[in-house]
Amino acid sequence: MPANNFRFAIILLTSLFFLWGFALNLNPILIPHLKKACQLSDLQSALIDSASYIAYFLMAIPAGLFMKKHGYKGGIIVGLLLFAAGSFLFFPAAAARSYVFFLGALFIIACGLAFLETAANPYITVLGDPKTATQRINFAQSFNGLAATLAPLAGGLFILSGQTYTPQQEAAMSQQQLNNYLQTEANSVQIPFIIIGLVVLLVAIFIWKTKLPDIIESEDVKVEQSLLKEKNLMLGVLAQFFYVGAQVCVSSFFIRFSKRVADIEEKQAAMYLSAALLGFMIGRFIGTFLMRYISPAKLLAAFSVVNMALLLLAVMTDGKISVYALVGVEVFMSIMFPTIFSLSIHGLGPKTKEGSSLVIMAIAGGAVFPVIMGKLSDATNIQTAYIVPAACFIVVFYFAIKNLRVKDITLSVAH
């Protein structure tokens, strides 16, 4: 295939990194918004993350099997169609003001995202010159980070109303006034998600009409030894499970946290979150640069310790200092997902593909820990609940210490 066609294919794939980054990073907006519109507890609102991240666990293997039979392009189109369908379902979910309906729509979106990530991460590394694979994944990661920055900003502008009543104020309303207020809040997601669905559908049609190169992969080598006996891989799966749980916890309750510790209103808090996620993107580039001089495991260990310290600061202090501490956590989380992934599969040889699938399935941590955090928040308060992600980084630190002997890796995945 001509080089310019490869470049066009890379541009299309890079747009997928942007799309799934945008969708996942709307969750921190939806959690406080649907908590208000559907009158939920923190535990119930945390199920937004569960609906999204459990889909990764359930769909990782089916997506891989589908693409083995129908190719990467087929998998990408199916993923985009699921993404669009889930987005369109937000309209009737809002009209009914049904939280279960919202969760179903989010699950369908996330099933589509699981297809996209399963296809795009390996596809972009093999699409073109193998010598520039790392540059391509880093280029794609930058757009993933850009989407993470823009999503809470857009959500804050077009979804959050900035109007929040206390339980006492709601109790003083008539039933009709309360219903009108809650329905108006729920309806604010309709137009943004219709627009998202239409954009995703257009991308699906565009990819369907575009000739993309077929990637011929070598046949899988039969693995004699069970992957479960690979101790470092299993420890890496555990570390990734705890890391993704921590990452999702930190972002998802950021707006609620900002209101409690610094009395920052939801629209302004969304802007703080956008800045934090911009820091996440910048931190990934800085971390990648530092790996030229510091071994990946040492950097991972150091960043884990810093994050534990920042989270303890956020739990123990009040005011904007606590909010800035969480912003710092986002910066120091930046290199963790690709670093844990790469250290986990290091040295697996012919078992690398199967091992990679297990590490990706560990994204399910994002479905578990926010629920634990929500339960703790309901029992205490949202500030105290941030002890949950702090504890998660202990496991990441232990994994890093166990891999100090590894001096060099290639970051080859983005999430």
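Student: In which sense does α16 pass α17, right-handed or left-handed?

Tutor: A crossing is left-handed if the near helix is turned anticlockwise from the far one by less than a right angle, and right-handed if clockwise. Here α16 passes α17 in a right-handed crossing. Helices (H or I, at least four residues) are DSSP runs numbered from the N terminus, as are strands (E, at least two). This is a predicted model, in which local features need pLDDT of at least 70 and side-chain atom pairs count only at pLDDT 80 or more, while totals for chains, interfaces and linings use all residues. Residues are numbered from 1 along each chain as its sequence is written, and side-chain values use heavy atoms, with hydrogens and water left out.

Student: At what angle do the axes of α16 and α17 cross?

Tutor: An axis is a line fitted to C-alpha atoms, for helices over the stretch in contact, and angles run from 0 to 180 degrees between N-to-C directions. The axes of α16 (residues 336-345) and α17 (residues 352-361) cross at roughly 145° and come within 9 Å.

Student: Which residues of α16 and α17 meet?

Tutor: Contact means heavy atoms within 4.5 Å. From α16, Phe-337, Phe-341, Ser-344 and Ile-345 take part, and they meet Thr-352, Gly-355, Ser-356, Val-359 and Ile-360 of α17. The residues of this contact comprise five nonpolar, four polar and no charged. In this scheme Ala, Val, Leu, Ile, Met, Phe, Trp, Tyr, Cys and Pro are nonpolar, Asp, Glu, Lys and Arg are charged, and the others, Gly among them, are polar.

Student: How are α4 and α10 arranged, roughly parallel or roughly antiparallel?

Tutor: Angles under 35 degrees count as roughly parallel, over 145 as roughly antiparallel, 65 to 115 as roughly perpendicular and the rest as oblique. Helix α4 (residues 47-88) packs against helix α10 (residues 190-209) at an angle of about 160°, with the axes 8 Å apart. The two helices are therefore roughly antiparallel to each other. Their crossing is left-handed. Among the contact residues are Ile-76, Ile-77 and Leu-80 of α4, together with Val-200, Val-203 and Ala-204 of α10. By class, this contact has 17 nonpolar, two polar and one charged residues.

Student: What does the contact of α2 with α9 look like by class?

Tutor: First, the geometry. The axes of α2 (residues 27-37) and α9 (residues 175-187) come within 8 Å and cross at roughly 155°. That makes α2 roughly antiparallel to α9, and their crossing is left-handed. His-33, Lys-36 and Ala-37 of α2 make the contact with Tyr-181, Leu-182, Glu-185 and Ala-186 of α9. These residues divide into four nonpolar, one polar and two charged.

Student: Which residues touch the most other members of the largest nonpolar core?

Tutor: In soluble globular proteins, nonpolar side chains tend to be buried together. A nonpolar core is a set of buried Ala, Val, Leu, Ile, Met, Phe, Trp, Tyr and Cys residues joined through side-chain atoms within 4.5 Å. Buried means under 20% relative accessible area, exposed over 50%, and partly exposed in between (1.4 Å probe, protein chains only). The largest core here has 134 residues, of which Leu-16, Leu-80, Tyr-243 and Tyr-386 touch the most other members. Helix α6 (residues 99-126) gives the most to this core, with 16 residues. Beyond its neighbours within four places in sequence, Leu-80 is in contact with Leu-16, Leu-19, Leu-116, Val-200, Val-203, Ala-204 and Ile-207.

Student: Is Ser-304 buried or exposed?

Tutor: Ser-304, in helix α14 (residues 296-316), counts as buried, at 0% relative accessibility. Not counting residues up to four places away in sequence, Ser-304 touches Met-336, Phe-393, Val-396 and Phe-397.

Student: What is the relative accessibility of Gly-245?

Tutor: Gly-245 lies in helix α11 (residues 231-252) and counts as buried at 0%. Leaving aside neighbours within four places in sequence, Gly-245 is in contact with Gly-365, Gly-366 and Phe-369.

Student: Where are Arg-97 and Asp-263 found?

Tutor: Arg-97 is in the loop between α5 (90-96) and α6, and Asp-263 is in the loop between α12 (254-262) and α13 (266-290). Arg-97 has a positive phi of about 45° although it is not a glycine; Asp-263, also a residue other than glycine, has a positive phi near 55°. Arg-97 is partly exposed, at 24%, while Asp-263 counts as exposed, at 53%.
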